[in-house]
Amino acid sequence: MNARYHAPKGTYDLLAPRSELFLAVVDTLSRQLSLAGYGFIQTPIFEETALFVRGVGESTDVVQKEMYTFEDRAGRSLTLRPEGTAGVMRAVIEHNLLGGSLPVKLWYCGPNFRYEQPQSGRYRQHTQVGAEAVGGDDPLLDAELIALADAGFRQLGMKDYLLKVTTLGCSVCRPAYRERLTAYLAQLPLDEATRTRAALNPLRVLDDKRPEVRALVADAPTMRDHVCAQCAVHFDTVTSALLAWGVAFTIDPFLVRGLDYYTKTTFEFVHNKLGAQSSIGGGGRYDGLIAQLGGPETSGVGFGIGVDRVMLACEAEGLQPHDESRVDVFGLGLTAAARTAVAAVIVDLRARGIRADMSFGERGLKGAMRAADRSGATYALVVGDRDLESGHVQVKNLTDGTQVSVPLGDVLKHIAESLNEGKQSL
Ligand code: HAM
């Protein structure tokens with residue numbers, strides 16, 4: 001059948017069983033954050049446009065080319081959030097969360113929207129699991145966040161990725177470095193477009209992917225070599241903690257993030273099997289952002305992990321950190337009366353926390369068995385009129401084909417025990 005409507009360009013529908021992988025990724029990453037005391041926050045999917053222009057930075061591609069901006073019916077300029085940090089900082093300031101105990105640790109999960117050229121791993125709507133720790137200067141907070149992301153990836157079974165870290169300096173050392181870099185870039189034979197980028201933000205030229213530009217900037221001065229004493233100590237503390245905790249990393253002084261708010265520690269997790277869109281997550285410190293958005297002079301650090309890309313990475317590594325079966329038990333009643341009896345058992349199973357579904361309507365044994373197979377259930381409960389009369393249920397093990405007749409009153413216990421045994425023998 002030819003569908004008349006399609007998901008908009010750069011977006012996709014998440015269908016079962018792949019959607020189970022999505023849930024497993026979100027669950028695994030967020031569990032690490034909960035373990036470390038991060039509380040869940042949800043902010044609106046759209047915000048005032050000015051928040052992103054100010055927060056994300058006017059020189060960024062995100063603000064210049066990628067925002068979904070629209071006027072509402074009252075003429076307000078609103079934007080679908082392209083990332084999570086600006087909205088979370090707005091909420092932190094609005095609700096005076098910095099007035100309580102510090103640091104404030106928050107995590108979130110949700111869709112972000114960027115009008116980018118779609119390709120594998122790059123979408124116009126993508127989901128991030130993000131975390132922000134606000135109101136703390138301690139470099140151990142930076143290290144903790146990095147280690148939590150790493151622990152989440154490991155928990156999912158991922159191995160084929162790399163962590164890159166660097167420091168971007170602070171308001172003390174960055175301006176002098178920026179000047180030095182600008183002077184260096186000015187004497188290179190760069191094309192006009194690159195010069196314009198350099199004028200807006202010279203650091204971005206270091207991140208140019210074209211080999212000819214890479215070769216030109218290979219000897220450019222790096223921030224890491226020009227940080228002030230305080231930033232140097234901060235960065236050393238972060239890297240020492242990562243070493244002590246066994247989190248593998250490389251220092252990449254050419255790492256440049258796509259958003260303007262970063263200071264000091266910045267990092268990116270890059271997966272080796274994802275081609276061009278290899279960044280599965282990134283973040284860093286943003287010490288000026290809260291004040292810039294009208295809040296107190298305080299610092300923060302955070303990350304965003306791209307759930308869509310982590311799913312692709314799991315698939316590329318052949319990992320299956322989720323259970324593809326929808327249910328454990330599937331009920332089949334061969335007549336209307338038998339279906340009513342089966343339905344009662346299914347409801348009881350669910351009340352005990354056992355995942356259970358059943359065949360609805362007149363389908364015949366063959367069709368119902370096919371539905372049972374498709375559900376991924378381990379056990380089918382088959383009830384015909386004769387079973388009803390004798391008060392029995394046929395419990396069929398769909399994995400090995402064996403079948404036993406169990407008195408109706410014992411079915412719950414039988415299933416609970418069998419499922420438990422199955423789990424223990426894994
Ligand atoms: P970001 O690096 O722009 O950072 O995005 C974080 C992650 O989201 C990326 O590493 C990538 O995995 C994923 N991602 C970004 N754009 C797309 C896209 N078009 N399609 C698929 N996945 C994508 C931030 O957004 C910051 N807010 C992170 C942060 C939080 N920094 C401090 N706190």
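Reply: Helices (H or I, at least four residues) and strands (E, at least two) are DSSP runs, numbered from the N terminus. This is a predicted model, in which local features need pLDDT of at least 70 and side-chain atom pairs pLDDT 80 or more, while totals for chains, interfaces and linings use all residues. Residues are numbered from 1 along each chain as its sequence is written, and side-chain values use heavy atoms, without hydrogens and water.

The axes of helix 5 (residues 139-155) and helix 10 (residues 229-244) come within 8 Å and cross at roughly 40°, where axes are lines fitted to C-alpha atoms over the stretch in contact and angles run from 0 to 180 degrees between N-to-C directions.

Turning to the ligand, 27 residues surround it, with Glu83, Glu116, Arg257, Tyr262 and Ser279 the closest; a residue counts here if one of its heavy atoms lies within 4 Å. By class, this shell holds eight nonpolar, twelve polar and seven charged residues, with Asp, Glu, Lys and Arg taken as charged and Gly among the polar ones. Nitrogen atoms of the ligand also meet polar side-chain atoms (pairs of N or O atoms within 3.5 Å): for Glu132 the distance is 2.9 Å, for His126 it is 3.5 Å, and for Arg309 it is 3.5 Å. Taken alone, the ligand exposes 650 Å², of which the protein buries 96%, by the Shrake-Rupley method with a 1.4 Å probe. Strand 6 (125-134), strand 10 (279-285) and strand 11 (300-306) are the elements that give two or more residues to the shell, and strand 10 supplies the largest share, six residues.

How values were computed. Polar contact = N/O pair within 3.5 Å; in protein donor to acceptor, adjacent residues only side chain to side chain.
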